Amino acid sequence: MKEYPRDIIPLYSEGDPEFKVEKKTFGGAEFDVIFRKGKPGIPLEVVQEMRAKGEEVHEFSVLPPFRPRTYVTTKVAPHIICMQDQAVLMRDGVKIYADIYMPKDEPGPFPLIIAWGPFGKRPHEGQDGWKLMGVPPGTVSDMSKFEAADPGFWCYNGYAVANVDPRGIGHSEGDHNMWGTQDGQDGYDFIEWAAQQSWCNGRCSLYGNSGVCMVQWRIAAEQPPHLACFAAWEGTGDIYRESCCLGGIPSPQFEYGITQSCTCPQYIEDHASMLEKYPLINEYWEDKIPKWRSIKAPVYMCAGMCHPCHLRGSLEGWRRVRSAKKWIRIHREHEWPDTYIPKNLDDLKRFYDRYMKDIHNGWEMTPKVRLDVMDAYEYDYKPARPENEFPLARTQYKKLYLDAANSAMSFEPTDVESEYVYDGKEGTATFVYKFPEETEISGYLKMHLFLEARDYDNMDIMTWVTKYKEDGTYVPLRLIGCEHRGTYSFYRASHRELDPKWSTDFQPVQAHRKVEPMTPGEIYECEIEILPHSRVWHKGEEIHLEIAGHLIPCGQPNPPQPMVWDNEGRHVIHTGGKYQSYLQIPVIPPKYQSGEYKYNG
C-alpha cells in the first residue's frame, strides 16, 4: 500500500512536540485521539504591519481583539447593536465566546439564529478580501460570519443573530474537536443558555452552509428543548466516507486544510493523522456520522447537485432524519450565492417566521421537495420542480449494460464476453449510449462491475457520468464561472465489502471495515455508489461512462481529492455473458402523458 505524502501533510509521529494524544471513549471503546497544535492567529496590529510590508495574510488567520462590550454596529446600520465577546459556560466548565447582534430600538425579546462554525466570528476584521465566491461585493454585511446568517438582513427583520466561536476557536477556551458529539453537546449548552436570556424569546435556530451547516446535524441530534427549527443548507455528513477517505481512497488534504485555516490558539483534532492511525471505520469514525434518527426539529435543508463536498451528506440527512416537518431544495447553484440570493432569503424568512415567530403564513404549503433538473451549461430543464419525496417514487431503475468490445452501453445485455483493458495509472475506459428519446435521470446511480487487477492486488478508480451532444461535443454544466462535468464516484476495490445497515439496491455503501486484497488475475463482482444527479438528455444526446485509475478534476473549487492512489499495472473491466457489468440509472417518466404530449411538472 502506498505511503501518505508527508511532505505535503506533516502527520503525527511519537515525540513530535507539534502534537498531543488524548484518551477518549466513543461507543464504549477507547481511542488515542491525535491533536495538532493549532494556528494561534495573528493580532490585528501585526496583520497591518505585515500588509504594510507587502506580505500576504491567510484569510482566516486574523485573531480579532478580545473586547467584551455592547455597541452600535455602524453609522449605516444604527438600528443594530452588538454584544461582543459574550461568555457562555459549557457543561464541563469550558468558556466560549459569541457576538450577539439584535435590533436596537425594538422591544424584543427576539428569536435567535445561531451561526456555529470554526472559521471565526468576525472574519471581516483584518481581512483584505472579505468576500464569498460568486457573491458580489457588498451583498453581505461586515457583521456576517463566513457561510452564515447576515445580521444586516435578519436583525432588520426582527431576529437576533449569534456568531459563535466554538470550543478552541479564537478566544474560546479548550481544544477544538471537529464534527463530532462534542460539537453537538456544546451547541446544546449554548442554545439552552441563550433561551434563558432576557433578549431571547426562547426560540432558537441554526443556519448556514458548509462547515456552519455540518455542526447543525450534530447539535440537532442532541435535541435541545429550545431548538425551534434549523436550516441545514448543505453540509457533509459522514466525515470518513465523504471527506477523509473517498470510496476507500485516503483523501485527508481537505480536512488538513481546515486545521491550517482555523484560528486555534490551543490544539485542534487532526483527522489526517487519525486516518493514518485508524484507516478503517470504527467507533471513532462512527462518532463523526450524525445521529440522524435523533433529529426531530422542523428543518429546511438544501443540497447542491454540483457540490462534491456536500451533496451526499445533505441527501443522507433528508432521507434519514425523523423530523415530521422537513423540506428540501435540491438545486444547481454553488453554496455561497445560493445562501444569499434574495428569493432564497425571503423563502427562509417564511420558514423562520412560521416556527420562530408563530406566524401562520402558509409555509406548510411549500412543496416538500423542490428539484432543479439540469440540462446544459447554466440552462435548466426544469428549475424548482415540486415533488413529494426524494428519491422520486416514480423512478424506474434501468440497467445500461456495458459492452467492452464496442465501448458501448445498451439496455439489452450482450451474450458476448469481452474485456476493456487500460493502464491503471494513466488510462481511461469509456462506454457510450445514445438516447433515442428525451430521458430524465434524477436520483441515485450505481455501477455493477466485474473487475480484475491483472498485475496487482488492488484497483482504485474514479468514475464520471457525463453528457455529449449528438455530434460528439462535450456538454458541461456551468456555475460561478466553473465548468462542472456531471456526477462521479471514487472506489477502492480492496474495500469492496458492503455495509448492510446503509446499503440499498439503488445505493451500495461500502463498509470500510476490512481490507481484502485482490488476487491478480481473479475477477471480482463489485457494487459502486455514484453521487446522485438530476439532468435531462435530449433525443440523440450521449451519456458517457468514464472509468479511470486517476483523478479527473470536476471543475468545482476546492473539492476533496484522493491523495494516496494505489494502482499498478493493468485494470480490466469484464462485460457480457456471465459478466454482466452495467450502469444503473434512475429514469424519471413524465408525471402525465397523453399521446405525444408529456407533462413533467
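Is Arg-122 buried or exposed? Arg-122 is buried, with a relative accessible area of 3%, where buried means under 20% relative accessible area, exposed over 50% and partly exposed in between (1.4 Å probe, protein chains only). The model is predicted, so local features need pLDDT of at least 70 and side-chain atom pairs count only at pLDDT 80 or more, while totals for chains, interfaces and linings use all residues. Residues are numbered from 1 along each chain as its sequence is written, and side-chain values use heavy atoms, with hydrogens and water left out.

**Salt bridges around Arg-122**
- The structure holds 48 salt bridges, each being a side-chain nitrogen of Lys or Arg within 4 Å of a carboxyl oxygen of Asp or Glu.
- Arg-122 meets Asp-85 in one of them (3.8 Å, N to O), and this pair links distant parts of the chain, 37 residues apart, with Asp-85 in strand β6.
- Helices (H or I, at least four residues) and strands (E, at least two) are DSSP runs, numbered from the N terminus.
- Arg-122 also forms a salt bridge with Asp-99 (2.7 Å, N to O), and both of these residues are buried.
- Asp-85, Asp-99, Lys-121, Arg-122 and Asp-165 are linked in a network of salt bridges.

**The Arg-91 and Asp-189 pair**
- The closest N and O atoms of the salt bridge between Arg-91 and Asp-189 are 2.9 Å apart.
- Arg-91 lies in the loop between β6 and β7 and Asp-189 in helix α3, so the pair ties together parts that are 98 residues apart in sequence.
- Arg-91 counts as exposed at 51% relative accessibility, whereas Asp-189 counts as buried at 12%.

**Helix α9**
- Helix α9 (residues 311-320) is largely enclosed by the rest of the structure, because 9 of its 10 residues are buried, including Trp-318 and Arg-320.
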